[in-house]
Amino acid sequence: MIYIHIPFCKQKCSYCNFHFSTSLNFKDEMISAMKTEIRLRKNELENKSLQSLYFGGGTPSILSADEITSMIDEVMKYFSFDRDIEVTLEANPDDLDKNFLQQLSKSPVNRLSIGTQSFFNEDLKLMNRAHNASEAEGSIKRAQDFGFENLSIDLIYGSPTSNLEIWKENLNKTIALEVPHISSYALTVEPKTALESWIAKGKVASPLEEEQNKEFYYLSDFLKDNGFDHYEVSNFAKPGFYSRHNSAYWKYKEYLGIGPSAHSYNGFDVRSWNVANNQQYIKKLHTGILAKEEEILSQNDQFNEMIMIGLRTIWGVDIESLKSKFDVRTHEHFQHEIQSKIEEGILVIENNHLKIPEKHWFMADGIASDLFLV
Ligand code: SF4
């Protein structure tokens, strides 16, 4: 699978620390550099028949439909597409006007992941999103009118402007819109963000973990009652609508990341990442040199990653594959560390897979890190 990172956004959301620029001055140079990177890395994926192509960001919908199609064409020059390839575009509600959707509906893009975040203006204002509540709703309906059935929306819970009642209304609206996939995250205060500085100055209250915990469990119960599978801590899907792209990440498959700050993984022991700087990226690629660094993952890194990712999913960690991949020392460590947690009921083994029971998923990262090899 291939991930393409579009490093531009209209404005900076108050909670975000991803890599992007709000200036579009070098957009053409960036697209050209990314096409060069696609060509230079054409031999990297072992399986050339792609099951997923994913445009993330940043804000991919800031590009025109023609620009997106031209990048897909570039990928198709060097890789073949599975007949039922999933081609996802992350899109912001304010970009999804009729004209854009109409053109996009004629492109290979067949899945939209819409950055809705909330259907309430107070939340959206605090988050400094570029859209308002009516655009949040309208964009989903318009996308459906243009034939995009495979839709995902992002929702953020636990904002200081929200509470359990508002959150319930957000979820009621989501169900009424018949969206088949939802990714939902707690509002977190990242370093060097506007949100962090507003909280430090006392302008905004800190998100409360207790409130977030309540909203998370309401989310999980409510969506399951409405026919969704809770298949990863932050992801819910109707049967047949699991994200193929993200599921492949969670099953440690190989992927290629194109664009500044994008990561790649060879499915085994090498991870690489591109420079998180637009100018440096463009400069390097225009001289035909890749702008990436790579590291060989140690046994400890590979083990920790497998635990961290696997325990966040309904599939859990495959104990047989863990046994075959790691040495005796690692396996002994694993057996020893899981024992007390199994006795406490925080971990279970089902069909030779280690899992966290769903009622403890809110604490999944903490439970996983207790098993790490250091
Ligand atoms: S649109 Fe997405 S990537 Fe851009 S600033 Fe907002 S959250 Fe971050």
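Trainee: What area is buried between domain 1 and domain 2 in this predicted model?

Mentor: About 1,100 Å² is buried between domain 1 and domain 2, and carbon and sulfur atoms give 60% of that area. On the side of domain 1, Tyr217, Tyr231 and Val233 lose the most area to domain 2, together 39% of what that side buries.

Trainee: Where do domain 1 and domain 2 lie in the chain?

Mentor: Domain 1 covers 2–249 and domain 2 covers 299–374. Their centres, taken over C-alpha atoms, are separated by 29 Å.

Trainee: How many residues of each domain are in contact with the other?

Mentor: Domain 1 has 16 residues in contact with 11 residues of domain 2. Contact here requires heavy atoms within 4.5 Å.

Trainee: Why is the pair Lys224 and Glu358 called a salt bridge?

Mentor: The closest N and O atoms of Lys224 and Glu358 are 2.9 Å apart. A salt bridge requires a side-chain nitrogen of Lys or Arg within 4 Å of a carboxyl oxygen of Asp or Glu, so the pair qualifies. Between domain 1 and domain 2 the count is two salt bridges, and nine residue pairs are in polar contact across the interface.

Trainee: Which element gives the most to the side of domain 1 that touches domain 2?

Mentor: That element is α8, with seven residues. At least two residues each come from α8 (209–225), β7 (229–232) and α9 (244–250).

Trainee: What classes of residue make up that side of domain 1?

Mentor: It has seven nonpolar, six polar and three charged residues. Tyr217, Tyr231 and Val233 count as nonpolar, because Tyr and Val belong to that class.

Technical notes
Residues numbered from 1 in each chain as written. Predicted model: local features only at pLDDT ≥ 70, side-chain atom pairs only at ≥ 80, totals over all residues. Heavy atoms only, no water. Domains from an automatic or database assignment. Buried area = accessible area lost by both parts, 1.4 Å probe. Polar contact = N/O pair within 3.5 Å; in protein donor to acceptor, adjacent residues only side chain to side chain. Helix = DSSP H or I, 4+ residues; strand = E, 2+ residues; numbered from the N terminus.
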